[in-house]
Amino acid sequence: MEILFLKMLLLLAGCLGWLFYHLSDLCVGEKRSVQNKPNFIVILADDVGWGDLGANWAETKDTPNLDQMAAEGMRFVDFHSAASTCSPSRASLLTGRLGIRNGVTHNFAVTSVGGLPLNETTLAEVLKEAGYITGVIGKWHLGHSGLYHPSFRGFDYYFGIPYSHDMGCTDTPGYNLPPCPACPRHSATTSSQGRDCYTKVALPLFENITIIQQPVNLTGLAAEYAEKATQFIQRASESGRPFFLYLALAHMHVPLVLAQPPSSSSFPGPYRASLREMDALVGRIKDKVDGCGKENTFLWFTGDNGPWAQKCELAGNVGPFSGAWQRQRGGSAAKQTTWEGGHRVPALAYWPGRIPANVSSVALLRGCWNVIPPENSETFMIKSQSQGRLLTGGWGKEIDSNNWSHSVTCNIERRNKGVTNSKLGSHSRPTKLVPFQR
């Protein structure tokens, strides 16, 4: 029996938001303690290809942890991000709405004074209202000035960089095409590397609203993300409150920076080495989840868009979605395009006891999913509007939708419905970045 699940990443965000909100506020005649609410962890890889996972593409041998997660959970082979570029995809993830509705249709720049419109409700805001501890670790890219900063968008804790890690100079520039120089020293003249390299602003690392390092040391960034994420999970678990962790990785976006120097005898190349590093990081998070109550934690892995084909050997694998037609005409089937390789991304779900193991879904859905609270039950149900079928918390039982007296739309979509796409404005807050000086 085909198991239906969500095609668009933005719909996942909206439906999860409604699930949490509904469990906390809309259960008639029943009050549930915060301990009974599930934890949610969303791991979002950057520029990862559909074929970068061995579970999807047999030629890939560098993702044993992700492949194990697929074997122990559910794999979605026809899952699509909401956009083929960073900011629009992330805005849709957190609001449940496409860019044409939430106002984010292009990437934000280092000089941007705006961000995700302030009249948009985020998933973190919904969960925080429901009693969740919320945290974001990694890349934000939805506005870094004033109230657009993640600390003012529903997150209790933030550790990461405000945009892509190629949007500022560092002392560890890593592998990129074209290669970019390190930050200039003192009065050194700026190297003429073209518009793809940033030299005027050093890449900052934030903890909440404070810049704790500038330029950031990219060599140790992945390890810091893993450490902060495991600490967040541990502390939230000890608090007795449910939590939502949004972990937005720097992998697999260029520049590719390796924690360990390559060995000439066994070095597989920068991309594969970086892919292995990302896989190890995800494995560490999964191990932490397993040790802190996996029966009550939903772990989701996916990507923001497809690989950046212009980076050649430093880009990922789109698998079979190579786009022969457009490649013959000098085009690409990956990031920044509406061809399938640009938005069809890997997606895995892991929740022992709730999600069946070693299951693949080929479902392709349209429209927003409904979350329906089962009467007198601790499980939840998800309904596809287009198919009219339901999944219980057991993720395998098909039920006639006529048995249920009501349905509700995704909460974030509902709360944002009718919101106008306001122009991006600026606010005075002490988080503005300044030109870099040594």
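Select Trp-57 to begin: with a relative accessibility of 23%, Trp-57 counts as partly exposed. Please keep in mind along the way that this is a predicted model.

**Stop 1: around Trp-57.** Trp-57 sits in the loop between β1 (39–45) and α2. Now show what surrounds this side chain. Leaving aside residues up to four places away in sequence, Trp-57 touches Trp-50, Gly-51, Asn-317, Gly-319 and Pro-320.

**Stop 2: helix α2.** Next, move along to α2 and select residues 64–71. Which residues of α2 are buried? Colour Leu-66, Met-69 and Ala-70, and you have them. Look down the axis of α2: these buried residues fall within an arc of 100°, so they line one face of the helix. The general rule behind such a view is that an α-helix has 3.6 residues a turn, so residues three or four places apart point the same way.

**Stop 3: where α2 meets α7.** Keep α2 on screen and select α7, residues 270–291. The two helices pack at an angle of about 45°, and their axes are 7 Å apart. α2 and α7 are therefore oblique to each other. To see the contact itself, show side chains on both partners. From α2, pick Pro-64, Asn-65, Leu-66 and Met-69; from α7, pick Met-278, Asp-279, Ala-280, Val-282, Gly-283 and Lys-286. Sorted by class, this contact of α2 with α7 has six nonpolar, two polar and two charged residues. Two residues from the previous stop return here: Leu-66 and Met-69 are among the buried residues of α2, and both are in the contact with α7.

**Stop 4: the disulfides.** Now switch to the cysteines. How many disulfides are there? The count comes to two.

Select Cys-169 and Cys-183, which are joined by a disulfide with an S to S distance of 2.1 Å. The torsion about their S-S bond is about 105°, so this disulfide is right-handed. Both partners lie in the loop between β4 (157–160) and β5 (205–207), 14 residues apart. Buried or exposed? Cys-169, at 2% relative accessibility, counts as buried, and Cys-183, at 4%, counts as buried too.

Then select Cys-180 and Cys-197, whose sulfur atoms are 2.0 Å apart in a disulfide. With -80° about the S-S bond, this link is left-handed. Cys-180 and Cys-197 are again in the loop between β4 and β5, 17 residues apart. Cys-197 is buried, having a relative accessible area of 12%.

With both bridges displayed, number the bonded cysteines in sequence order and read off the pairing: 1-3, 2-4.

Finish with Cys-86 and Cys-312. Cys-86 counts as buried at 2% relative accessibility, whereas Cys-312 is partly exposed, with a relative accessible area of 49%.

Key. Residues are numbered from 1 along each chain as its sequence is written. This is a predicted model: local features need pLDDT of at least 70, side-chain atom pairs count only at pLDDT 80 or more; totals for chains, interfaces and linings use all residues. Side-chain values use heavy atoms; hydrogens and water are left out. Axes are lines fitted to C-alpha atoms, for helices over the stretch in contact, and angles run from 0 to 180 degrees between N-to-C directions. Helices (H or I, at least four residues) and strands (E, at least two) are DSSP runs, numbered from the N terminus. Angles under 35 degrees count as roughly parallel, over 145 as roughly antiparallel, 65 to 115 as roughly perpendicular and the rest as oblique. Contact means heavy atoms within 4.5 Å. Ala, Val, Leu, Ile, Met, Phe, Trp, Tyr, Cys and Pro count as nonpolar, Asp, Glu, Lys and Arg as charged, and the others, Gly among them, as polar. Buried means under 20% relative accessible area, exposed over 50%, partly exposed in between (1.4 Å probe, protein chains only). The arc is that of the directions from the helix axis to the C-beta atoms. A disulfide is a pair of cysteine sulfur atoms within 2.5 Å.
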